[in-house]
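User: Please take me through one part of this model slowly. I would like a close look at the sheet and what surrounds it.

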Amino acid sequence: MPLNFDSRRGPLLVYFSSVSENTRRFISKVGLPSVRIPLRRGEPPLAVRQPFVLVTPTYGGGAAERTVPRQVIHFLNDPANRQWIRGVITAGNTNFGAAYCAAGPIIARKCEVPELYRFELLGTRRDVDTVRDGLLRQWDRLCAGPRPLPQP
Ligand SMILES: Cc1cc2nc3c(=O)[nH]c(=O)nc-3n(C[C@H](O)[C@H](O)[C@H](O)COP(=O)(O)O)c2cc1C
């Protein structure tokens, strides 16, 4: 069953978070409408049919094939989900050096959307405010995007 949310009213965040739940805690502090990509195989797949910004942590520790969590790949492999992505926000840990937030540019390139922001671990209060305010301000522009909106 597709997620039923009226994105004309404001931003929707689609996010992934593993068992450590750093990203989930960040999302709950941002406080905008959100939906989580299922963590475990066997959970019903998520279907989104309206514009959203994806928030994902980076994994893999520099191993290219595991940088984007497999659950996120699975979600984006569905073209009916992918057509609604309007931007990506990436989490990571600067301890990973050159691989810091490496999932962001990969997704941005594949889906042809901007990488809007990066934050570390749970994010700071400033990260939370920047993301919330930025999305509220830019949502209409992001929805209009370079791509016309498909009719629901
Ligand atoms: C096994 C493992 C590999 C990771 N690899 C990277 C990485 O390559 N680049 C990066 O920026 N962060 C990396 N991280 C840090 C995570 O992105 C960070 O801890 C994030 O907050 C996890 O979010 P989550 O708790 O919502 O899953 C890695 C963390 C783990 C546990």
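Which residue in S4 is the bridge partner of Val 55?

Analyst: Ile 89 is the bridge partner of Val 55. A word on the ground rules comes before the rest. This is a predicted model, so local features need pLDDT of at least 70, side-chain atom pairs count only at pLDDT 80 or more, and totals for chains, interfaces and linings use all residues. Residues are numbered from 1 along each chain as its sequence is written.

Now the strands. Helices (H or I, at least four residues) and strands (E, at least two) are DSSP runs, numbered from the N terminus. Two strands pair if DSSP finds at least two bridges between them. Strand S3 covers residues 52–57 and strand S4 covers residues 85–92. They pair in the parallel sense, over six bridges.

Step back to the whole sheet. Five strands form it, in the order S2-S1-S3-S4-S5. The sheet is open, and the pairing is parallel. Strand S2 (34–36) and strand S5 (115–120) are the edges, each pairing on one side only. Neighbouring strands are turned by 20° against each other on average, direction ignored. For such angles, axes are lines fitted to C-alpha atoms, for helices over the stretch in contact, and angles run from 0 to 180 degrees between N-to-C directions.

Helix H1 (residues 22–30) packs on this sheet. H1 touches strand S1 (13–15), S2, S3, S4 and S5. Contact here means C-beta atoms, placed from the backbone, within 7 Å. The direction of H1 makes about 140° with that of S3.

Next, the ligand. There are 22 residues around it, and Ser 18, Ser 20, Asn 22, Thr 23 and Gly 92 come nearest. A residue is near if its C-beta atom, placed from the backbone, lies within 6 Å. H1 and S4 each supply at least two residues of this shell. The largest share, three residues, comes from H1.

Glu 112 lies in the loop between helix H4 (103–111) and S5. Leu 121 lies in the loop between S5 and helix H5 (125–144). Most residues other than glycine have a negative phi. Yet phi of Glu 112 is near 55°, a positive value. Phi of Leu 121 is near 50°, also positive. Glu 112 counts as exposed because it has 11 C-beta neighbours inside 10 Å. Leu 121 has 17 other C-beta atoms within 10 Å, so it is partly exposed. The cut-offs use C-beta atoms placed from the backbone: buried is 20 or more others within 10 Å, exposed is 12 or fewer, and partly exposed is in between.

Key:
Contact = placed C-beta atoms within 7 Å.
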